[in-house]
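Here is a short note for a colleague opening this structure for the first time. Please read the points in order.

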Amino acid sequence: MTQPLWMLPQGIEEILPPVAARIEAMRRRILDLHTRWGYELVYPPIVEHLESLLTGTGHALDLHTFKLIDPLSGRSLGVHADMTPQVARIDASRLQREGTVRLSYAGTVLRTQRTSVGVGRSPMQLGAELFGHQGVESDAEIVSLMLASLAEAGIDTPQLDLGHVGVYRAVVQPLALDAADENRLFDIMLRKARPELDGLVDRLGFGDAIADALRALLNLSGDPSVLIRARGELGLGGSDAVLAALAELGALVQHVNQRHPGVPVLIDLCELRGYNYHTGVVFSAYHSDAMVEIARGGRYDNIGASFGRARPATGFSCDLKQLSGLDAANEPGTAGILAPEHDEPGLWSAITALREQGERVVVALSADDDARALGCDRTLVFQDGHWTPRQI
């Protein structure tokens, strides 16, 4: 059967009223919040040269990127699937400022496949990135800004999950695995598949200390007391890299508890999504009712090296489309004035004056125009010599 011409590609959505109004209002609120925190707005281009777009992001983003050939240059281009690398390029190659740089952004990205349940292939990505500072203070600022952004979207107490890719990296570094076995181990750890881990350990002959540490990582998740357990269970002779990563997580937990005492914090030392991209702390926010991930971020130092400036960096992003479906508190109501269309004296001046006062005024061009259907709760009537809004 031939598909109707209006059918959209799978995973691609269009946004209709009143959802579009809700998303736009949310976008404005969150970007205004970022401005108050000192973040400057940038709009990366929708396409870039492919090698620039994928710099430092690893294989995963390559798989999600639509690719095409530029007819002007013959070079490969990519449609952005994630704006974060582009913002890092802007910081490194275009702004070239010294010290701390704070940037925010918002726009639609396009992906070849869905990245998570409930998220389509064209999310409206909004995020913030902080460049030029390496330390728990900037990670804590980004986490706090993420939580404040979610509060603007009507989500006040999400669950916050924290991890640190440096722990896993320090555990596996002595193994010197080839690419195939490294990918296999990473996949096993990501899925927390204990039987498969045991099989790989036996096949490759990991030493007891590393094998025990990997098995321990699978179970090191829970409240922040996990960090105390980890110091003992990971062993490895008190590896400096492991201890430093755990200390960073502990310091971040303290910042979050002080600033956001009502937000539940969980630790997961086997949270490895973005492992090839992130270099330190990683974090995700989950909706406390639906338990779906609604924002995520982490540290990704030195991505700007390929653009000539290695810079510490940390940031977060979320999908406005997804957040709009969870934002019941800011559901737009019916608010507007339906005005008649004719040449009565003073009518156009009255309409203009109401609009300048911030009112939404819709002119009825047809006898079939219904006030409620047009989102109006009042009509403009001529009464006592004046054009006056009257409640329906």
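1. Start at Tyr168. Leaving out residues up to four places away in sequence, Tyr168 touches Leu185, Phe186, Met189, Leu214, Leu217, Leu272 and Tyr275. Touching, or contact, means heavy atoms within 4.5 Å.

2. This is a predicted model, where local features need pLDDT of at least 70, side-chain atom pairs count only at pLDDT 80 or more, and totals for chains, interfaces and linings use all residues. Residues are numbered from 1 along each chain as its sequence is written, and side-chain values use heavy atoms, without hydrogens and water.

3. The largest nonpolar core has 75 residues. Such a core is a set of buried Ala, Val, Leu, Ile, Met, Phe, Trp, Tyr and Cys residues joined through side-chain atoms within 4.5 Å. Tyr168, Leu185, Met189, Leu214 and Leu269 touch the most other members. A second, separate core of 14 residues includes Val87, Ala88, Phe131 and Ile303.

4. Now take helix 8, residues 194-204. Helices are DSSP runs (H or I, at least four residues), numbered from the N terminus. Leu197, Leu200 and Val201 are buried, meaning under 20% relative accessible area, with exposed over 50% and partly exposed in between (1.4 Å probe, protein chains only). Seen down the axis, the buried residues of helix 8 fall within an arc of 100 degrees (directions from the helix axis to the C-beta atoms), so they line one face. On the other side, Pro195, Asp202 and Arg203 are exposed.

5. What covers that buried set? Helix 7 (179-191) and helix 9 (208-219) are among the elements that do.

6. Gly205 follows helix 8, with a positive phi near 70 degrees.

How values were computed. Helices (H or I, at least four residues) and strands (E, at least two) are DSSP runs, numbered from the N terminus.
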